[in-house]
Amino acid sequence: MSAWGDFNDAPSLPWEEDGAAINHGAIATFLEVVFGYCDGLIPVRGFVDQGQGIDTRPHNIWILADASAAQLLGTYAAWAAREGTAVYVIPGTVAEHGQARAEHVRQMQAVVVDLDTGDVEAKLAHLIQHVGAPTLLVESGGRTAEGAAKLHAWWRLTEPAEGQDLVRLCALRGEMAEKVGGDPHFRSAHQPIRVPGTLYRKGGVERVVAIRQHDPQREVDLAEFAEAVAAMPYLPGHALHQASPQGERPGLDAILTTPVREGAQDGWTRFQGASAAIGHFIRQVHEGRQTPDQGWEAICGYNAACLRPAWPLDRLKAEADALWALHVDRNGPPLLRADGASPAAVPAHTLGALLDDTSPMPDDLIGPRVLTPGGMLVLGGAPKVGKSDFLISLLVHAAAGAPFLRFTAPRPLRVFYLQAEIQYHYLRERLQQLRLDRDVVARARNTLVVTPKLRMLLDEQGVPLVAAAIRQAFTDAPPDVICIDPIRNLFDGGPGGEGENDNAAMLFFLQSRVEALRDQVAPEAGIILAHHTKKLSKQQVKDDPFLSLSGASALRGFYTSGMILFRPDEEETPRELHVELRNGPALSPLLIDKAAGRWVELNRRDERLVRKEIGRKLDAERLRKHDVILGILLDEASEGRLYPMMQFAEAFENKAGLGSKHTIRERLSVLATKGFVKFRRDGSAFGFPAVRSRFGYLCVEGMTLGGGVESVDPTTGEITNTAQPVLPSHFKCAQTGNALDVENPEVWVYPEGVLDDLTPEELGLTPHSSRKTSP
């Protein structure tokens, strides 16, 4: 401001001598109302009023919004008066010198309406009736065609508006002007306005821009004021839907193709036409039918083709931003499609640059290359194959940063699991039934967030709702993985309503719904989609598993990796998991199953290649004999009978389907090797003679003899019957077959590794056995 100090000693001007001097008090009052709470720089603009015969370029300065602002602006106003320049300000603060565009404005603290046409007093009365009296009322110096003073009405806010509140404030200025017939240019944040206390000289007429009324106690809350403006009716004759007497406004189809000329020559104004067209394209963008770039391109195209003359791009942008803010405020969060890169922004690299780039590869979210940053994994499987159970286990391990089968996560991942199949109580039951390491569960407790069954579609209303839920679940950092289970229950094929079998609908769902959701919350997150498969023969699935994915084939061309889970044999529990990778080498199929509540990978070398049906029946028969033999030994002991191995085989030959004595003896030998049967050599404690057998009497876990032993309590005389346990003294060594002494008969110990190889039935799910545990 030092450059303007040269004007402080300027000689008195004629209008100062006539009493029309610069009103420094009015300038100070204006600055307090419009900038009193703001920080930053005030853009001051000096324009020569028309009709003076002077042609100079604008003079712009920036002054700090602090206690010195009134003095500095007064000095500038005195110089401007001498030069024949009118003084304007942009009623908002910016951060740096040279900034004066709408996007540069950081704070505003007052709402203004410029009443410059028609019955100004009636418009003012309408505003006062519905939104209350203004804080500051300024006569701008101009006169209407009827001779009335043009007015600026200011409402001071309780605090400065910033960010989205600033956009909302500009929208309010436009809405108020629209409803009472004010100047619509104040939808733009950078629209300048005259400063009270300075001179108006338009058309050769000199007047001081004067304050008519000032209420320093009058302040309004932005939200409450916005409600009052929304409730305020249009001043009669100014509703947008009313046609001008000169003609009728065309419908929406005609709006996009009908030129509209300056000065309402076509019965409606350029502002009305631009607002209608901009509103149409804003709705297209808000509903996800166009990207923001496509919407802006369409608005610019309308401006160039239909507005005569076209609006400046900065005004067009300000109008679009204000209408967008108003539309979002009224209709909720938008569904934004990911912007497509413009031709100039399409990345391209030479072969040499790619060959020379040796920077580290980004870490896989789930390795090896199963889920990469920004990638998409599709898990397919038939209903009831265990797809959701498998997926939950995968997500829990990923959330804990723990390995799962062959898949690994580099660290604990933040996972949002959007599932639409399992209701809350059954979901918690399923999660509680998972047999996972306690350390894995502890690490995943807060990093895996799961929804119960949802009754919604992932459409223009659903995407913002889910995005809000994700942001609420992960407030500190965005998620690493977003999982949707299943596609079918949340599918939205777009405005045509087509189903998942339509390629265009599938692409719309993946691009405009799934990827739009990711773009809103975490552009680098990986996506996992659970999907159903078609009903194909087992051979067809084995030949090309990924052809079995249900719905349109566009899905397979879109994802970066896929998994198919299916049962090769419906009568057996093992499943095959086929993995297809676009960003890495193929993985060999996995043979997996659930053992003891956990997913495990089975050794394919143990899989039968021929006569599978007969082998399965023989396995089932061996398991049946296992259970029958243990059951008979327990039942016989409870009736007071113990047996050596050969004597048991001869006694129960051809009973209970056990076969010959040789078959029974072979089964007993196998059970003894596996630790299910042990031996007691000395039976004298139970009234049995000594035996010559190498091992002794057969003994199984939990065996008791007869009806028990009576005992008398010496104090009370109470007689109790206590079961007499039969504890082993020897066991068969699994390596040498020799009889070895049992170290602690009270603890039943199985050979190392035996339990790991057993089926769920052998582990304790048969009627005569209890659940086994490793030592």
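1. Start with helix α12 (residues 387-400), which has 14 residues and should span 20 Å at 1.5 Å a residue; its end C-alpha atoms are 20 Å apart, so the two agree. The expected span here is 1.5 Å times one less than the number of residues. Helices (H or I, at least four residues) and strands (E, at least two) are DSSP runs, numbered from the N terminus. α12 is also mostly covered, with 14 of its 14 residues buried. Buried means under 20% relative accessible area, exposed over 50%, and partly exposed in between (1.4 Å probe, protein chains only). Just after this helix, Gly401 takes a positive phi of about 70°.

2. A word on what you're looking at: this is a predicted model, where local features need pLDDT of at least 70 and side-chain atom pairs count only at pLDDT 80 or more, while totals for chains, interfaces and linings use all residues. Residues are numbered from 1 along each chain as its sequence is written, and side-chain values use heavy atoms, with hydrogens and water left out.

3. Next, helix packing. The axes of α9 (residues 292-306) and α10 come within 11 Å and cross at roughly 130°. That angle makes α9 oblique to α10. For the wording: axes are lines fitted to C-alpha atoms, for helices over the stretch in contact, and angles run from 0 to 180 degrees between N-to-C directions. Angles under 35 degrees count as roughly parallel, over 145 as roughly antiparallel, 65 to 115 as roughly perpendicular and the rest as oblique. On the α9 side, Trp296, Ile299, Cys300 and Asn303 meet Leu313, Leu316, Lys317 and Ala320 of α10; contact means heavy atoms within 4.5 Å.

4. Lys317 turns up again in a salt bridge with Asp321 (3.0 Å, N to O). A salt bridge is a side-chain nitrogen of Lys or Arg within 4 Å of a carboxyl oxygen of Asp or Glu. Because Lys317 and Asp321 are four residues apart in α10 (residues 313-331), about one helical turn separates them. Lys317 is partly exposed at 37% relative accessibility, and Asp321 is partly exposed too, at 34%.

5. The structure holds 30 salt bridges. Among them, Glu206 pairs with Arg201 at 3.8 Å, N to O. Glu206 is partly exposed at 47% relative accessibility, whereas Arg201 is buried at 8%. Another joins Arg641 to Glu639, with the closest N and O atoms 2.3 Å apart. Arg641 is partly exposed, with a relative accessible area of 33%. Shared partners also link Glu32, Arg156 and Glu219 into one salt-bridge network.

6. Ser188 is worth a look: you'll find this residue in the loop between α5 (163-180) and β7 (193-194). Ser188 is buried, at 2% relative accessibility. Leaving aside neighbours within four places in sequence, Ser188 is in contact with Cys170, Arg173, Arg315 and Ala318.

7. Two backbone spots to check are cis peptide bonds. The bond from Arg308 to Pro309 is cis, with omega near -5°, and Pro309 sits in the loop between β12 (307-308) and α10. The bond from Asp485 to Pro486 is cis as well, with omega near -10°; Pro486 is in the loop between β16 (481-485) and α16 (487-490).

8. Arg369 has phi near 60° and belongs to the loop between α11 (351-356) and β13 (376-381). Ala656 has a positive phi of about 55° and lies in the loop between α21 (645-651) and α22 (661-673). Arg369 is partly exposed at 29% relative accessible area, and Ala656 is partly exposed at 46%.
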